[in-house]
Amino acid sequence: MDTSVTDHLLSTTRAVRRKLDLDRPVEPEVIEECLRLALQAPTPGNQQAWRWLVVRDQGVKDRLSELFRRVGKAYLETNAAALGEAITEPSVARAFASGQHLIDVIDRVPVFVIPCLTGRPSGDNAADAAFYGGIFPAVWNFQLALRSRGLGSTLTTYHLTHEAEAAEILGIPADVTQVGLLPVAYTTVPDFKPAARVPVSEVAYLDGWGNPLQ
């Protein structure tokens, strides 16, 4: 295995919002191939409880976008007020601009993919860790597969505040849990850079909390 290729893929798969190509169609077969790769992810007890809704219909996207915007706008306004002057710092301002851009154009993104799980969370930490652990590795597989084919995405959760309304729009049964919404499009740039991250030594411990890794 060429680790230079895999390492580049893993370190440059970004949450893409501002650099989504809103005008280029996304072929159905590309989404299907990426979902096929998503299903190779580990799954608790091999239950494969994941379900995937691919949304292309503009009318359906418009209705989901209204839910997305309703929550997203309020979220950014609340956080902007809490940050005060800090919102003018370049990194913070860029993050807000990126989030606002996606809220503004969400209805124009060619494809929405909504990952779901059969069943509902229980509220017990151990059980729910296993429950959500049954989908998020597959979501990441899907995003990596998209990235390797020149597409971008970001895992969003705004619409989940109105999950019941979204379920009604999409015909999702009451015993199925939506876990996010991925706007999917080709990207307007050919590559991305690794993100700034804190050193591993500051977030990883050895044998007990706070012990240096080395």
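Which residues of H7 are buried?

Analyst: The buried residues of H7 are Glu-163, Ala-166, Ala-167, Ile-169 and Leu-170. Seen down the axis of H7, these buried residues fall within an arc of 160 degrees, so they line one face of the helix; the arc is that of the directions from the helix axis to the C-beta atoms. The face of H7 turned away from this buried side carries Ala-164 and Glu-168, which are exposed. As background, an α-helix has 3.6 residues a turn, so residues three or four places apart point the same way.

A few conventions apply to what follows. Buried means under 20% relative accessible area and exposed over 50%, with partly exposed in between, using a 1.4 Å probe and protein chains only. Helices (H or I, at least four residues) and strands (E, at least two) are DSSP runs numbered from the N terminus. This is a predicted model, in which local features need pLDDT of at least 70 and side-chain atom pairs count only at pLDDT 80 or more, while totals for chains, interfaces and linings use all residues. Residues are numbered from 1 along each chain as its sequence is written, and side-chain values use heavy atoms, with hydrogens and water left out.

The structure holds six aromatic pairs, where rings of Phe, Tyr and Trp (its six-membered ring) pair if their centres lie within 6.5 Å, and planes under 30 degrees apart count as stacked, over 60 as edge-to-face and the rest as tilted. In one of these pairs, Phe-68 and Tyr-158 have ring centres 5.0 Å apart and planes at 65 degrees, so the pair is edge-to-face. Phe-68 lies in helix H3 (residues 58–83), whereas Tyr-158 is in the loop between strand E3 (151–152) and helix H7 (163–170), so the pair ties together parts that are 90 residues apart in sequence. Both partners are buried, Phe-68 with a relative accessible area of 1% and Tyr-158 with one of 17%. Another pair joins Tyr-132 and Phe-136, whose ring centres are 6.1 Å apart and whose planes stand at 20 degrees, so this pair is stacked. Its members are partly exposed, with relative accessible areas of 28% for Tyr-132 and 34% for Phe-136. Ring pairs also link Phe-68, Tyr-75 and Tyr-158 into a cluster.

Charged side chains meet aromatic rings as well. A charge sits over a ring if NZ of Lys or CZ of Arg is within 6 Å of the ring centre and within 35 degrees of the ring normal. Arg-24 lies over the face of Tyr-186, at 3.5 Å from the ring centre, and Lys-61 lies over the face of Phe-112, at 5.9 Å from the ring centre.

The spaces are found on a 1 Å grid over the protein atoms alone: a cavity is a set of points where a 1.4 Å probe fits but cannot get out, and a pocket is an open set with protein on both sides within 12 Å along at least five of seven lines, while lining residues have an atom within 4 Å of a point. Grid points are joined across faces, edges and corners, and a volume is the space filled by probe spheres set on the points.

The three rings of the cluster, Phe-68, Tyr-75 and Tyr-158, are among the residues that line the second largest pocket, together with others including Arg-17, Leu-76 and Phe-96. This pocket holds about 220 Å³ of space. H3 and helix H4 (90–105) each supply at least two residues of its lining, and H4 gives the most, with four residues. The lining divides into eight nonpolar, three polar and one charged, where Ala, Val, Leu, Ile, Met, Phe, Trp, Tyr, Cys and Pro count as nonpolar, Asp, Glu, Lys and Arg as charged, and the others, Gly among them, as polar.

The largest pocket has about 470 Å³ of space, and its lining includes Arg-14, Arg-17, Arg-18, Lys-19 and Arg-94. Four nonpolar, two polar and five charged residues make up this lining.

About 40 Å³ of space lies in the largest cavity, whose lining includes Gln-143, Arg-147 and Leu-151. Helix H6 (136–148) and E3 each supply at least two residues of this lining, which has three nonpolar, four polar and two charged residues.
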